[in-house]
Amino acid sequence: MPGTDAREAAKTSTGALEQLPFLPELPARGPGADMIGRSAGLLVELFAEVQPSGWRFADRPGRDTRRAHSWLGEDLDALEEFTQGYQGALKLQAVGPWTLAASIELKYGEKALADPGACRDIAGSLAEGLRRHLADVRKRVPGAQLVLQLDEPTLPAVLAGRVKTASGFQRLRSVDRQLAEEVLRELIRSVDAPVIVHSCAPGVPIPLLRRAGVAGVSLDFGLLTEREDDVIGEAVEAGTVILAGVVPSTDEDMSDPAGSVTGVRTLWRRLGLDPELLGRRVLVTPTCGLAGASPAYARKALSLSVRGAQSLVDNPE
């Protein structure tokens with residue numbers, strides 16, 4: 001979300017999304033509030049700090065780790081304030097293990113993705129950190145049914161060998177798809193909550209994610225091609241929830257919520273899927289995070305998402 005006011009962001013989240021409020025992230029506050037820094041702060045017995053080249057692992061917790069913990073605590077306090085007595089689904093999000101490994105450097109300077117052992121350590125540390133995080137939120141919002149979103153925008157590049165080395169002159173070797181699946185499966189099994197994976201990049205590996213055990217896949221609908229029709233159809237028929245990113249995530253003039261989901265209806269007809277499944281299998285979302293939007297547009301985008309979803313329920317044909 002845009003801005004730096006945790007209370008305002010929590011108020012917007014809980015007010016605009018009565019069925020699925022979420023714990024906001026406010027990266028405009030600086031290092032430790034950004035998606036990588038926040039998730040690095042969740043790691044257990046692994047610590048990261050900001051260097052000129054970006055985030056890098058360190059021997060001990062420092063200022064950046066303390067700042068990440070502080071920002072998260074502030075956000076949780078605000079969410080708790082606006083969810084008193086709340087009963088229902090509540091979404092938390094963290095960066096997934098593969099995007100973290102592709103984004104944080106080891107102490108000697110290369111990205112952690114280059115070291116299979118480091119990748120395993122990150123995944124295990126993240127799993128433990130997420131278990132503690134979920135337990136904390138359950139104490140704060142005892143009526144919540146938690147849903148965990150893993151942000152993996154870099155996963156397609158990790159699998160395709162498109163992640164650049166720290167120097168930027170070469171690319172790291174692609175990660176074996178079976179290994180990537182196993183790491184995600186172990187993490188998903190270790191957390192006591194349904195997990196959805198969000199990736200706003202082209203080529204989201206939906207079959208891999210399904211085999212890993214995700215409950216849903218969140219993607220930018222504008223990046224889909226007809227080549228992906230079959231895998232989406234199979235996912236829907238198997239019960240996977242599709243979080244369709246159709247509302248622009250930066251300021252655009254949009255006033256027709258029904259129009260935003262035209263592409264979803266078109267895909268449904270092309271696949272020959274039961275229209276009644278739309279309301280049960282599809283959530284409508286912005287295409288990606290809203291941190292680059294104005295606060296007014298961010299509120300509007302969430303409202304348009306709700307109204308677009310309602311139009312799928314009211315008029316599935």
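Helices (H or I, at least four residues) and strands (E, at least two) are DSSP runs, numbered from the N terminus. In this predicted model, local features need pLDDT of at least 70 and side-chain atom pairs count only at pLDDT 80 or more, whereas totals for chains, interfaces and linings use all residues. Residues are numbered from 1 along each chain as its sequence is written, and side-chain values use heavy atoms, with hydrogens and water left out.

By these criteria, the protein contains 13 helices and eight strands. The C-alpha trace spans about 55 × 45 × 35 Å along its principal axes. Of the 317 residues, 54% count as buried (under 20% relative accessible area; exposed is over 50% and partly exposed lies in between, with a 1.4 Å probe and protein chains only). Among contacts (heavy atoms within 4.5 Å) with a separation of 6 or more, 72% are accounted for by residues 24 or more positions apart.

Serine 125 is located in helix α5, which comprises residues 116-140. This serine 125 counts as buried because its relative accessibility is 6%. Apart from neighbours within four places in sequence, serine 125 is in contact with Leu42, Leu43, Val44 and Leu46. With valine 44, the side chain of serine 125 reaches the backbone nitrogen at 2.7 Å.

Definitions and conventions:
Polar contact = N/O pair within 3.5 Å; in protein donor to acceptor, adjacent residues only side chain to side chain.
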